[in-house]
Amino acid sequence: MRILLFTGKGGVGKTTAAAATATLAAERGNKTLVVSTDTAHSLADALGVPPSAEPVEAAPGLHLQQVDTQKSLERHWGELRDYAGNVLAELGLDEVTAEEITVLPGAEEILALLELREQARTGRWDVIVVDCAPTAETLRLLALPEALDWHVNRLLPTGRRMLRALSPVIRHVAKVSVPEGEVVSAGERLHRGLLEVRALLTGDDASVRLVLTPEAVVVAEARRTLTSLSLYGYRVDAVIANRVFPAEGADEWRLGWVEAQARQLATVHESFAPLPVLTVPYLPAEPVGTAALSGLAARMYGDRDPFARPGVEPPLRFTTDELALSLPLADRDDLDLARKGDDIIVTAGSYRRVIALPAALARREISSAALRDGRLRVRFEAGGAK
Ligand SMILES: Nc1ncnc2c1ncn2[C@@H]1O[C@H](COP(=O)(O)OP(=O)(O)OP(=O)(O)O)[C@@H](O)[C@H]1O
Ligand SMILES: [Mg+2]
């Protein structure tokens with residue numbers, strides 16, 4: 001099974017690229033599922049079919065699933081919802097509906113990813129294509145399980161003890177119920193689910209395609225996205241430069257764009273090398289429906305096999321005396337490294353990852369750290385306890 005994720009800045013063509021890739025996958029005989037973490041029904045609109053919460057066949061072999069946040073919430077977060085409902089009821093806000101819980105930031109995307117894991121588990125699909133939320137949200141979301149893991153492992157025991165100790169006080173003061181064992185276990189179940197999603201999306205079968213348009217602001221953001229995706233362990237295997245103005249027969253207005261885009265494209269090729277940059281022309285009409293999408297996919301991938309295993313190494317690797325983390329396009333001035341017990345905390349710009357060291361390295365002191373050619377290398381002193 002192959003999992004392909006599409007991300008990029010808002011409006012650059014993520015949904016279009018995802019739908020086109022899925023259309024091509026199905027045409028080549030793969031049992032294909034295309035899912036969206038987006039609550040707007042753009043994916044269904046692009047494919048020209050009505051939206052549906054269950055996988056529906058949009059074309060032969062091509063299934064579309066638009067996650068129904070409401071239903072999904074009831075399945076996955078039932079206990080938490082009850083709990084939140086109780087809390088809010090005790091605060092005098094009765095009649096709390098699940099709808100009100102879905103306003104929690106990121107809740108919808110998280111539910112979509114949990115659904116994705118369930119679909120992956122069925123073994124029914126050869127290719128799963130995911131149309132992700134715009135850059136920042138997707139990143140925050142993808143990093144969440146790991147960050148949560150850190151918090152849960154370190155804080156939950158303390159948190160629980162604290163809650164137990166404080167619950168009579170809180171009850172008295174706030175007149176609010178405090179999570180009991182059953183709620184914590186629902187939280188833990190959710191947490192385990194998210195860790196599985198992360199394992200799936202950073203695994204050998206998954207890769208991310210970064211969609212951009214050749215404009216300075218978009219390219220700048222795509223560069224930061226590449227660094228942070230790598231920081232979090234996601235493999236990016238291609239850049240898609242969408243809406244490239246054709247040069248033929250251009251009038252003066254379009255010629256201005258053609259030249260500006262050519263300059264940006266040169267930067268894109270240079271900065272993102274060795275990643276392939278797949279270009280898609282600005283079409284004379286919106287690519288809607290499987291015929292248009294299939295044509296777009298053919299131009300996008302040319303002779304390449306879009307469904308081959310990603311020929312990209314995982315960004316994070318350990319040897320007996322070294323941690324190596326790919327951080328393409330990372331700026332040395334924006335990079336920070338800290339050691340906290342058995343963890344290494346890497347900060348790149350506004351993104352942070354807590355990396356648990358394997359036992360063999362956790363006991364040793366760091367001897368040196370350097371960022372060179374887009375790779376962070378942290379060396380550890382030979383043997384011995386610290
Ligand atoms: N190469 C192209 N030529 C012409 N129109 C395009 C092309 N690619 C995308 N479009 C159109 O541009 C619009 C935005 O594309 P799309 O919805 O795929 O972007 P998105 O990145 O998914 O946006 P959002 O961030 O809102 O989810 C759509 O109307 C789409 O049909
Ligand atoms: Mg979209």
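Seen down the axis of helix 10, the buried residues fall within an arc of 155°, so they line one face of the helix. Please keep in mind that this is a predicted model. Below is a short tour of this helix, a sheet and one leucine.

- The buried residues of helix 10 are Val258, Gln261, Gln264, Leu265, Val268, Ser271 and Phe272.
- Turned away from that buried side, the opposite face of helix 10 carries the exposed residues Glu252, Arg263 and Glu270.
- The cover over the buried residues of helix 10 includes strand 6 (206-212), helix 9 (216-231), strand 7 (236-244) and strand 8 (277-281).

- Three strands make an open, antiparallel sheet in the order 11-12-13.
- Strand 11 (335-340) and strand 13 (351-356) stand at the edges with a single partner strand each, so one side of each has no neighbour in the sheet.
- Neighbouring strands of this sheet are turned by 15° against each other on average, direction ignored.
- Strand 12 (residues 343-348) pairs with strand 13 over 6 bridges, and Ile344 stands opposite Ile355 in strand 13.
- Helix 9 lies across strand 12 and strand 13, at about 20° to strand 13.

**Leu323**
- Leu323 belongs to strand 10 (residues 322-326) and is buried, with a relative accessible area of 0%.
- Beyond its neighbours within four places in sequence, Leu323 has contacts that include Phe318, Ile344, Ile355, Leu357 and Phe380.
- Leu376 is also in contact with Leu323; the two lie 53 residues apart along the chain, with their C-alpha atoms separated by 8.0 Å.

Definitions and conventions. Residues are numbered from 1 along each chain as its sequence is written. Chains are lettered from A and ligands numbered from 1 in the order in which they are written. This is a predicted model: local features need pLDDT of at least 70, side-chain atom pairs count only at pLDDT 80 or more; totals for chains, interfaces and linings use all residues. Side-chain values use heavy atoms; hydrogens and water are left out. Helices (H or I, at least four residues) and strands (E, at least two) are DSSP runs, numbered from the N terminus. Buried means under 20% relative accessible area, exposed over 50%, partly exposed in between (1.4 Å probe, protein chains only). Contact means heavy atoms within 4.5 Å. The arc is that of the directions from the helix axis to the C-beta atoms. Two strands pair if DSSP finds at least two bridges between them. Axes are lines fitted to C-alpha atoms, for helices over the stretch in contact, and angles run from 0 to 180 degrees between N-to-C directions.
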